[in-house]
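Here is a short briefing for a first look. Please keep the sequence and the 3D view open while reading.

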Amino acid sequence: MPKKKPYRRGAHEQIFDLDAGELAPWESGHPLLDEPIPPRYTWQFTVYGGLYSRSAVAEALVEAFGQDTREERPSDGRTALFALTIDADGCLIENGATLSACAWTLGKLTSSRLDPNTLDGFDEEERAFAEAMDKLVPPERRSSTDEEQNGTRTSGPFDRVVRAFGDRLKSAGIDAWSAGAEAAGTAVKTATETAVGPVLGGVAGAAAGAFTESVLGPSDAENDDTASETTTAQPSAPRLVVTASALHDFVAEMAAALGVRDSLNATGVRVRCRAIPIRDDSADQNFLNSHIANDLSHVADAVARDDVGAALRNYLTDESALDTARRVDVRAHPDAVIAGVEPQHVPAARWPGDPGKPLVLSQQFAVNRVVRELKDDAGLFSVNGPPGTGKTTLLRDVLSAIVLERADRLAELASPSEGFTERLELVPVGPKKIPTPVHGVSCALSGFEIVLATATNDAARNVTAEVPGIDAVRGYTDEALDADYFTDLASHVLDAEAWGLVAATLGNLKYRNTFAKRFWWGNYRTSQNEDSQDADPSGAVGMYQLLKEAAHDPDAVDDWDTAVAEFRRAREEVERLAETRQHAADAITAESKCRRRWDEAKRAFADADALCALVRKDLATSDAEVRRADRVFRDADDDYESHLRHRPGLWVALATWFRAPREWQAKHERLEEARDAAKKKLRDTEGTQEELQQRLSAKLTELQKAEDARAAVSYELDLAQGQVTQARDRWPGRVPIPDNFSDDDEFQKCAPWSDEEYVTARNRLFLKALRLHRAFILHSSNRIRSNLSVMTEILQGNAKPSSAARLAAWQSLFLVVPMISTTFASLPRLFTGLGRESLAGSSSTKQARPPPAGGRRSVALPTGGRGGRSAAAGADRDTADLSTTRAAPSSPGRRAMDSGDDLGSGRGRQAHPSRDRAAAPGQRRAGLGRRSAARPPTLRPADVRSVKRHRLRWNAHGLRNPAHWPVPGREPLDRCPKSDLHRPLGWR
């Protein structure tokens, strides 16, 4: 509700509180009626009855339901129980009564009988209230619903009151009329009940009915002494007497009826007096109730019918039905943002602003996602951000992308005439009702409409004033003005310096009228002392005249083929530049992948090397066990052989009565058993040693593969880093790599791939797209002129064509003006007659609310060395890690050994203390009884196969101990039979 204003003489808006004993401003004698107002203007009064504080609502709710857990301060300000709109004659304006949903709901919630259906029924209550008040509207000021199609007027409620009043007075006698106001009031009440009937149900409707009776009274002739006889002879029609006292009584009745007399303490009356054009008789209660409540009701009904578009369906989808696993936290995963701003995802055209001030990272990411996700499919995309974070700036680039997409469609037309289809309808236009044809717009050119919906008219006006304003192209002003997208007309429509006709404010009736007259006729000025029909030869030329001149002299218009060719050249240039930058972006992606693969390769190499170390450790333990088992076996074998040599002869057996042979035999059996056990132990340890050697060979093979993989990744990483380094040097500060910036804040300020050359080309492409639109519009002047002529009539409320013709008219307007703005409250009236998803795109600010109109879419380099601080450090660490297990390579991308190296062979490689141990002198001797104490050489797979062949051969001779095996490639001098195992074995 508006706040009071101090009285100022000559002001065209006054807001004050009206006491019960004062004259109402519409009553004769009030000083306001003496105030001068412009010609063709009149006074309109908005009455707010039953004023109460918003904080009182919060206190009443706390008292009824308890304190909320959230500590939120109630908003300041006052509102009212109801609002009425009254004209300069004191008559109510039709559809000008509004009942406060807040007060009605509070009365329900705080009642003692609270049930789940308590909040149902407000629509019926409000309808009863409004209809009761509309019964007081004079018949000549009602809408055409009371008129038949043949021009005759039907009997409305007010007519019936008049007739019933006269008839009842005739039947009651002249005395009742002349008895005074009390008798007259009784007669009026009786006549009202008879003619109008009950004033609908509900507490608000009943209170409105009581108010109806209170304001219906006899005519002014009753108080005129000179007309008393005339009145007695013939009763006159009743006259509405809406007095201050009646309004205050109505406030008391409404507060009692709604049940908020004590909780809200609603009292008083406030009147807003405005001087408005005579034609503007629309009621305006300054949003006493939220328009969203009605919209939510419409949404609920549409959902129940399953009649919703994709955008609304997506918005209402329960979170449990969403694939939340696809969500990406871009703060935690900056790679997703870097990939999302690659040149291949950036719209080819951008807003023609300063090339040195392109969109920053998050803005460009949002634009790319909007254009990408909503380009071909219907849906909803949300961009959230606090004030001042560049949402309007972002919106301008979305507009540029949409205009470019339509320009691509225009360039595919063989001639502009293909942009329109057959005639849909003849619509009467103008005071003379000239039949004007409306032609359909080709489906190829539809689907690019942009509607900006805001909470208030001021917000809508501010945004659409900023977009075409000259400040929006600072830094590229000359080029934008050279494009001449109806620059003079845009400045006239905006009433300020503009660069192009790319946006317009519609919203309420005032804005629609202003736009229609300025846009179409050009010479219209928003002056309270001028009329739209006054010609101004020096004024701006409107679209009507521009199209008329283009039809008269088509040679003066830009050549269509030339405009298409210039647009295509500009597009090809942008695509060429984008492709070059995309190569660098691919290198960044490749570098990131290579880094991950490099880390994986390092881990794989380290794991393989660690496994090799474990096997070597186990093999060393096995070697020790083999040596111990070999010593035990040698000792047992020596004892056994020695015992064989001392077997007692016949004489000793006879001499000892065969006791010596028996003892020798018993000892022989023990020694043989011990030797067999030692031999078995030796074979078991040798088998374990053989298994470990095979495992080591396999692990060394895996280690070699890991090293080869790491070398390959290192090469790819070097290549990608070289390309990234060149891109960084070529476009400093424009390559989106987090490591290039000091912190995340600086990274967020990065303008990805927006070097001056690329940005300027994208600017130029958008202006060429607008120039192509201009050529299309002027070359299609005849058809688009008739469509726009009907559109201006629609905006001013003078035409009601069919839905198809209305849609074609709107699409024609969007062909000229890509974006329009309006308020959420004005959307239903603005797009009345259009079906769901008739228009393609919509954008909203301040509130997320799909428009009732139903928008379908509610954005090679040479190889170089490895560069970069972190890359060099990583190379050093990798080299250090590698040096712990083998000779340090010169770089991670090179093999650690020469081509002749054999992994684990001990030959052709640098010595390492952990792997090569020199044999101590004297530890190896030629004989089966001792084996070298030096660690056996690690074998290659080929060596292992060779050794296996020799082992098979030598096992036949009993040489199962690996210590006795020959070195591959060397043959023994002797082939020892089993009986000669005790003899030394010679080697060549």
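Buried means under 20% relative accessible area, exposed means over 50%, and partly exposed lies in between (1.4 Å probe, protein chains only). This is a predicted model: local features need pLDDT of at least 70, side-chain atom pairs count only at pLDDT 80 or more, and totals for chains, interfaces and linings use all residues. Residues are numbered from 1 along each chain as its sequence is written, and side-chain values use heavy atoms, with hydrogens and water left out.

**Overall**
- The protein has 30 helices and 13 strands. These are DSSP runs, numbered from the N terminus (helices: H or I, at least four residues; strands: E, at least two).
- Of the 988 residues in the protein, 46% are buried.
- The accessible surface is about 50200 Å², and carbon and sulfur atoms hold 49% of that. Areas come from the Shrake-Rupley method with a 1.4 Å probe; for residues, only the protein chains shown count as cover.

**Two residues**
- D755 sits in the loop between helix 24 (744-748) and helix 25 (756-779). D755 counts as buried because its relative accessibility is 9%.
- Leaving out residues up to four places away in sequence, D755 touches R581, W731 and R734. Contact means heavy atoms within 4.5 Å.
- E63 belongs to helix 1 (residues 54-65). Its relative accessible area is 71%, so E63 is exposed.
- E63 and S263 are 200 residues apart along the chain, and their C-alpha atoms are separated by 9.6 Å.

**Helix 21 with helix 23**
- Two packed helices are described by the angle between their axes and the distance between the axes. Axes are lines fitted to C-alpha atoms, for helices over the stretch in contact; angles run from 0 to 180 degrees between N-to-C directions.
- The axes of helix 21 and helix 23 (residues 659-730) cross at roughly 165 degrees and come within 4 Å. Helix 21 is therefore roughly antiparallel to helix 23. The angle classes are roughly parallel (under 35 degrees), roughly antiparallel (over 145), roughly perpendicular (65 to 115) and oblique (the rest).
- This contact has 36 nonpolar, eleven polar and 26 charged residues. Ala, Val, Leu, Ile, Met, Phe, Trp, Tyr, Cys and Pro count as nonpolar, Asp, Glu, Lys and Arg as charged, and the others, Gly among them, as polar.

**Helix 15 with helix 21**
- Helix 15 (residues 391-411) packs on helix 21 (residues 560-645) at about 130 degrees, with axes 10 Å apart. Helix 15 is therefore oblique to helix 21.
- L404, A407, D408, L410 and A411 in helix 15 meet W560, V564, F567, R568 and R571 in helix 21. Seven of the contact residues are nonpolar, none polar and three charged.
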